[in-house]
Amino acid sequence: MAGLAARHLLGLAEMEAEEINLVLETARPMAGVMERPIKKVPTLRGKVLVTLFYEPSTRTRVSFELAAKYMGADTVSIAPATSSVVKGENLRDTVQTLEALGADMVVVRHQTAGVPGQLAGWLSRTVVVNAGDGMHEHPTQGLLDLFTIREEKGRLVGLEVAIIGDILHSRVARSDIWGLTKMGARVRVAGPATLLPPGLEKMGAQVYHRLEPALEGADVVIALRLQQERQRQGLLPSLREYAASFGLTPGRLALAKPDVLLMHPGPVNRGVELAAELVDAPCSAINRQVTNGVAVRMAVLYLLLGGG
Amino acid sequence: MNPIVSLLIKGGRVIDPASGMDQEPADVLVLEGKIARVGCDLPAPAGARVVDASGRIVAPGLVDMHVHLREPGYEHKETIATGTRAAAMGGITSLVCMPNTDPPADNPGTLAWIAARARETGAARVWPAGCITKGRRGEELAEMASLAAAGAVAFSDDGFPVARAGVMRRALEYAGSLGRVVISHCEDPDLAGGGVMHEGYWSTVLGLVGMPAAAEEVMVAREIILARLTGQRVHLAHLSTGLSAAMVRRAREEGLPVTAEVTPHHLALSDAAVAGYDTSTKVNPPLRPQEDVEALRQALAGGVVQVIASDHAPHAAQEKEQDFDQVPFGISGVETMLPVVATVLVKSGLLAWSRALAAMTVKPARILGLPVGTLEPGALADITLIDPELEMVVDRDRFVSLGHNSPFHGWKLSGWPVMTIVGGEIVMDGRQLLS
């Protein structure tokens, strides 16, 4: 296939399997660029990428900015706290101003679902990439998870992937479920009933209320970050009880396949969703996920900005 | 302006659900602001204006018992003048305005001001509702007797529920003694939990905070139980779920004084419409799954739900251009109520015109005790002419209402009002407002 069907990257729910495959295939040579002594290619020279992050983030924003820089694009970072957003400027005015300033791409993160799509509707030329919107999607994280699994396992078809934890609030889980099921993997989700939203089966996942059966025979285990505030919201009695019921430990992980791959979108709460020693265990791909994230984002930028 | 002293509406299909009349062709004669006669081949009095109504439905002016006019306090969203003009465009001649203004109509002064302002600037009749509780806080009863004396036709804290059952019980008793109905916004705030759409498959997919159907249903159950306890009337606003309708059916079978309304948007749209994040689909109660939509249609067809009301909730454009969480709830609905009902319910064969019109005329008028909603001789000459074949595409940017927040934008609808007459005076003719 020649390229991506949509002009923007808003989520994996609306992508076809062959488009996802194209991103993953494109990411492989990009990973090669990162291994060069001089990590710079001129592919996107003269292009301008703006990161507009309404929520704090380090790794995703830096990952996008480095991906752009490795490909020769110029980047500008906007944090709403230091911009005219605090003067009450609305979303539409903010993003149309960025377009008028010449931005080729806006990478947006927002606490509310749907904002990247709303922005895309107000723009005529600038491309929008969703870097995480509320509980909706985090498509580049989903793509880097798929890329990591395929690099490590050599395939996606037929794999058993377990996603553990706060599915309700996780945009990563949603992107992973869409992407994995489209690519032929089987997805299980497990967590406390209060953190499992309705409709997960209809999305294509198998739902478990206990950890052990979800882990049994899994090829890949993805642990999700558990936010402290879930206890205050009355969704959990305590983090301690959560860790006791759903925290991943070496003993529990032994229920999975012997060559299980452990992943986490980060940042990790050591000792809550993951036992500390698992973060750096041989089965952990957590740091490789971060590296792969840059390659996948380079592929996304290339396909949306330079591929045509 | 010169009020037309006499008007002869000739040759239409006259439907008056109050009297069970559905006759074509028939004439309606209006003299001095009142219905004088309804019959065949009526002679035109000297000087009468004659309106050719052939091919048109001639109905009582629509009564919309759930409208937010926003004035005083939120004139950037709507005013009494713009909201009633929008209503007239929608064939509505009488409306109940909800008291969630700023200040709220929880005192006779504000309510009397609204009534006076409506007499000065209104293009349709405005029947104000007063608050149930002071400041709509759900704690102390508002001065309901004084509000009734100032013109309150009903009581509601709409927008908010009365969270405390004990307060609601006293409200039903007190309002009942005044002969006024209490209109309940059924929502358990704790269960609603800050949701912005219906909790279900689509809230999961879209990543928006959901509010479960149960947030409405536990309150519907409570209001029915309180109606039984007090023996007083309660009207349930904007019913949105199948279980709510089933509970109302049971209550009515038992003879409890419970009535209910449903909005055009809950009859026409499911929660799948939120996909795409059109902020005009953010409404409270939220759009529900298709099975609830079907159940509500059946409840209306079966008489379990008596009233269709718009819950017209206009907002300014900039307020709807925020992110989905920040956007206020509400749909601008008076201009599309009739054609949505005509297209989705009548044209589809689910509801006869007479039943659909009853739900927007005599039924709400009787619940509220208003002297409108009929074409019987002697009644106020509030009349709506409908062209059942007229097909038009909804263009929210051409709304008369200041609120352009409509999820029906771009829909092709048929059955539009083509003339609106209030007290014998033509206020809308040929889709144009006069003066």
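This is a predicted model: local features need pLDDT of at least 70, side-chain atom pairs count only at pLDDT 80 or more; totals for chains, interfaces and linings use all residues.

Trainee: What makes a space a cavity, and what makes it a pocket?

Mentor: On a 1 Å grid over the protein atoms alone, a cavity is a set of points where a 1.4 Å probe fits but cannot get out, whereas a pocket is an open set with protein on both sides within 12 Å along at least five of seven lines. Residues with an atom within 4 Å of a point are its lining. The largest cavity holds about 110 Å³, a volume being the space filled by probe spheres set on the points, which are joined across faces, edges and corners.

Trainee: Which residues line the largest cavity?

Mentor: Among them are Arg59(A), Gln141(A), His264(A) and Arg297(A). The elements giving two or more residues to this lining are H2, H5 and H13 of chain A, and H13(A) has the largest share, with 5 residues. The helix names come from DSSP runs (H or I, at least four residues; strands are E, at least two), numbered from the N terminus.

Trainee: How many lining residues of the largest cavity are nonpolar, polar and charged?

Mentor: There are 4 nonpolar, 6 polar and 2 charged residues. Nonpolar here means Ala, Val, Leu, Ile, Met, Phe, Trp, Tyr, Cys and Pro, charged means Asp, Glu, Lys and Arg, and the others, Gly among them, are polar. The second largest cavity, of about 50 Å³, has 6 nonpolar, 2 polar and 3 charged residues in its lining. Its lining includes His185(B), Met211(B) and Pro285(B).

Trainee: What is the volume of the largest pocket?

Mentor: It comes to about 1,400 Å³. Of its 50 lining residues, the closest to the centre are Met135(A), Asp166(A), His169(A), Ser170(A) and Arg230(A). Both chains take part: H2, H6 and H9 of chain A and H5 and H6 of chain B each supply at least two residues of the lining.

Trainee: How do you know that the two chains touch, and how many residues take part?

Mentor: Contact means heavy atoms within 4.5 Å, and 16 residues from chain B and 20 residues from chain A take part. The area buried between the chains is about 1,500 Å², with carbon and sulfur atoms giving 60%. Buried area is the accessible area (1.4 Å probe) that two parts lose on being put together, summed over both. Tyr201(B), Thr204(B) and Glu321(B) supply 42% of what chain B buries against chain A, more than any other three residues.

Trainee: Why do S7 and S9 of chain A stand at the edges?

Mentor: Their sheet is an open one of 5 parallel strands, in the order S7-S6-S5-S8-S9. S7 (205-208) and S9 (261-263) of chain A each have a single partner strand, so one side of each is left without a neighbour in the sheet. Two strands pair if DSSP finds at least two bridges between them. S5(A) and S6(A) have 5 bridges in the parallel sense, so they meet that rule.

Trainee: What is the order of the sheet with 4 strands?

Mentor: That open, parallel sheet of chain A runs S2-S1-S3-S4. S2 (74-78) and S4 (127-133) of chain A are the edge strands, each with a single partner, so each has one side without a neighbour. H4(A) lies across S3 and S4 of chain A, running at about 165° to S4(A). Axes are lines fitted to C-alpha atoms, for helices over the stretch in contact, and angles run from 0 to 180 degrees between N-to-C directions.

Trainee: What kind of peptide bond joins Asp102(B) and Pro103(B)?

Mentor: A cis bond, with omega about 0°; another cis bond joins Asn284(B) and Pro285(B). Arg136(B) has a positive phi of about 55° although it is not a glycine. These stand out because most peptide bonds are trans and most residues other than glycine have a negative phi.

Note on methods
Residues are numbered from 1 along each chain as its sequence is written. Chains are lettered from A and ligands numbered from 1 in the order in which they are written. Side-chain values use heavy atoms; hydrogens and water are left out.
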